[in-house]
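Visitor: I am new to this structure and would like to learn how to read it step by step. Could we begin with a single residue and then widen the view?

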Amino acid sequence: MKLVGFNLTKINAERFLNNFEKLNIETSININKIEENKLIPFKEEEKFITIFFNYTINYSKNIAKIEIEGRLILSVEPKLEKEILKKWKKKELDEEIRLSIFN
């Protein structure tokens, strides 16, 4: 699996308070959608998938929030592409693939 494209579609950062006492940071990464990328011409031995994601960082006690949305384009083997798309229909991903995407 190789990263061939990366786009940010939204960046939002807000600070609500200036009080940083007892600061707690919570992060979350979510995969919103995975689909076959048919826009990139490919060879038989190479397929492309697009992964839409959002990443949120919350600074506790309503101090601040950062939201980032975007998409990744990955080059994968045809067998892996079928496996990923099949599992994603049930909103599932193997842990190995999920970790690879998050990293």
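Visitor: Which residues does Thr56 touch, not counting residues up to four places away in sequence?

Guide: Please keep in mind that this is a predicted model. Leaving out residues up to four places away in sequence, Thr56 touches Glu26, Thr27, Ser28, Lys65, Ile66 and Glu67. Thr56 itself lies in strand 3.

Visitor: Is Thr56 buried or exposed?

Guide: A residue is called buried when its relative accessible area is under 20%. Thr56 has a relative accessible area of 11%, and therefore counts as buried.

Visitor: In what order do the strands form the sheet?

Guide: The four strands form an open sheet in the order 1-4-3-2, with antiparallel pairing. Its edge strands are strand 1 (2-15) and strand 2, each of which pairs on one side only. Neighbouring strands of this sheet are turned by 15° against each other on average, when direction is ignored.

Visitor: How many bridges join strand 3 to strand 4?

Guide: Strand 3 and strand 4 run antiparallel and are joined by 13 bridges. As for the residues that face each other, Ile51 stands opposite Leu72 in strand 4. Helix 1 packs on the sheet, where it touches strand 2, strand 3 and strand 4, and its direction makes about 115° with that of strand 2. Helix 2 lies across strand 2, strand 3 and strand 4 as well, running at about 110° to strand 2.

Visitor: Which residues of helix 1 are buried, and why are they on the same side?

Guide: The general idea is that an α-helix has 3.6 residues a turn, so residues three or four places apart point the same way. In helix 1, which spans residues 78-88, the buried residues are Glu81, Ile84, Leu85 and Trp88. They lie on the same side of helix 1 because they cover an arc of only 95° around the axis. On the other side of helix 1, Lys79, Lys82 and Lys86 are exposed. The cover over the buried residues of helix 1 includes strand 2 (25-36), strand 3 (47-59), strand 4 (64-76) and helix 2 (95-102).

Visitor: Which residues have the most contacts inside the largest nonpolar core?

Guide: That core has 14 residues, and those with the most contacts inside it are Ile31, Ile34, Ile49, Ile51, Leu93 and Ile101. Strand 2, strand 3, strand 4, helix 1 and helix 2 are the elements that give two or more residues to this core. Leaving aside neighbours within four places in sequence, Leu93 is in contact with Ile31, Ile34, Ile84, Trp88, Arg98 and Ile101.

Key: Residues are numbered from 1 along each chain as its sequence is written. This is a predicted model: local features need pLDDT of at least 70, side-chain atom pairs count only at pLDDT 80 or more; totals for chains, interfaces and linings use all residues. Side-chain values use heavy atoms; hydrogens and water are left out. Buried means under 20% relative accessible area, exposed over 50%, partly exposed in between (1.4 Å probe, protein chains only). The arc is that of the directions from the helix axis to the C-beta atoms. Contact means heavy atoms within 4.5 Å. Two strands pair if DSSP finds at least two bridges between them. Axes are lines fitted to C-alpha atoms, for helices over the stretch in contact, and angles run from 0 to 180 degrees between N-to-C directions. A nonpolar core is a set of buried Ala, Val, Leu, Ile, Met, Phe, Trp, Tyr and Cys residues joined through side-chain atoms within 4.5 Å.
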